[in-house]
Amino acid sequence: MISLISEFTDGKGRRARAGWVFYDADCKFCVATVGRLAGVIEPLGYGLAPLQDARVRALLNLPEEQLLSEMKLLTPDGRQFGGADALIRLCRDVWWAWPLYALGYVPGVTPLLRAGYRWIAARRACISGRCPVGPGPNQVSQSSDVRR
């Protein structure tokens, strides 16, 4: 039996023996991070593909708000990991990041890593310089329209 993941290829026809890392291609922070990590994870057999790819949407079969909320990792056996769990799983295969994988087994650490990932993910547009939220309490609005 051939699984969807084993048949999935990226835009250049490449398969990934270790699994697929899916990222938000509309996010500058995400694209830059993937660019820095590609040289580390691609030689390990991981493929990279944007979450916006229609084939990825069909493969993951997630609602839009869940699809783009965090990076995803799909293993050859069909298991899906998202966000911090995906990063922890990737760290298992990177020799210098293996301690983070091991740290994920310390009681109470994984929930902290998940919370940290969610915090960064919620602000990734701000990190990219396109912050959709208004200024925080310590920031000055750049609006010239001041009403009293």
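Strand 1 (19-23), helix 2 (28-41), helix 5 and helix 7 each supply at least two residues to the lining of the largest pocket. The model is predicted.

**Exercise 1.** Find how much space lies in the largest pocket, and which element gives the most to its lining.

*Solution.* 
- Start with the volume: about 660 Å³.
- Go to the centre. Of the 30 lining residues, Thr-33, Leu-37, Met-71, Leu-87 and Tyr-117 are the closest to it.
- Look at the elements. Helix 2 gives the most, with seven residues.
- Sort the lining by class: 25 nonpolar, two polar and three charged.

**Exercise 2.** Describe how helix 5 and helix 7 cross, and name the residues that meet.

*Solution.* 
- Locate the helices: helix 5 spans residues 83-91 and helix 7 spans residues 109-122.
- Their axes come within 8 Å and cross at roughly 115°. The crossing is right-handed.
- List the contacts, counting heavy atoms within 4.5 Å. From helix 5 come Gly-83, Ala-84, Asp-85, Leu-87 and Ile-88. They meet Thr-110, Leu-113, Arg-114 and Tyr-117 of helix 7.
- Sort this contact by class: five nonpolar, two polar and two charged residues.

**Exercise 3.** Work out which residues line the second largest pocket, and how they divide by class.

*Solution.* 
- The volume is about 190 Å³.
- The lining consists of Arg-79, Phe-81, Asp-85, Ile-88, Arg-89, Arg-92, Tyr-101, Gly-104, Tyr-105 and Thr-110.
- Helix 5 gives the most here, with three residues.
- By class, the lining has four nonpolar, two polar and four charged residues.

Definitions and conventions: Residues numbered from 1 in each chain as written. Predicted model: local features only at pLDDT ≥ 70, side-chain atom pairs only at ≥ 80, totals over all residues. Heavy atoms only, no water. Axes fitted to C-alpha atoms, helices over the stretch in contact; angles between N-to-C directions. Helix = DSSP H or I, 4+ residues; strand = E, 2+ residues; numbered from the N terminus. Left-handed = near helix turned anticlockwise from the far one by under 90°. Nonpolar A, V, L, I, M, F, W, Y, C, P; charged D, E, K, R; others polar. 1 Å grid on protein atoms, 1.4 Å probe; cavity = no way out; pocket = protein on both sides within 12 Å on 5 of 7 lines; lining within 4 Å. Points joined across faces, edges and corners; volume = space filled by probe spheres on them.
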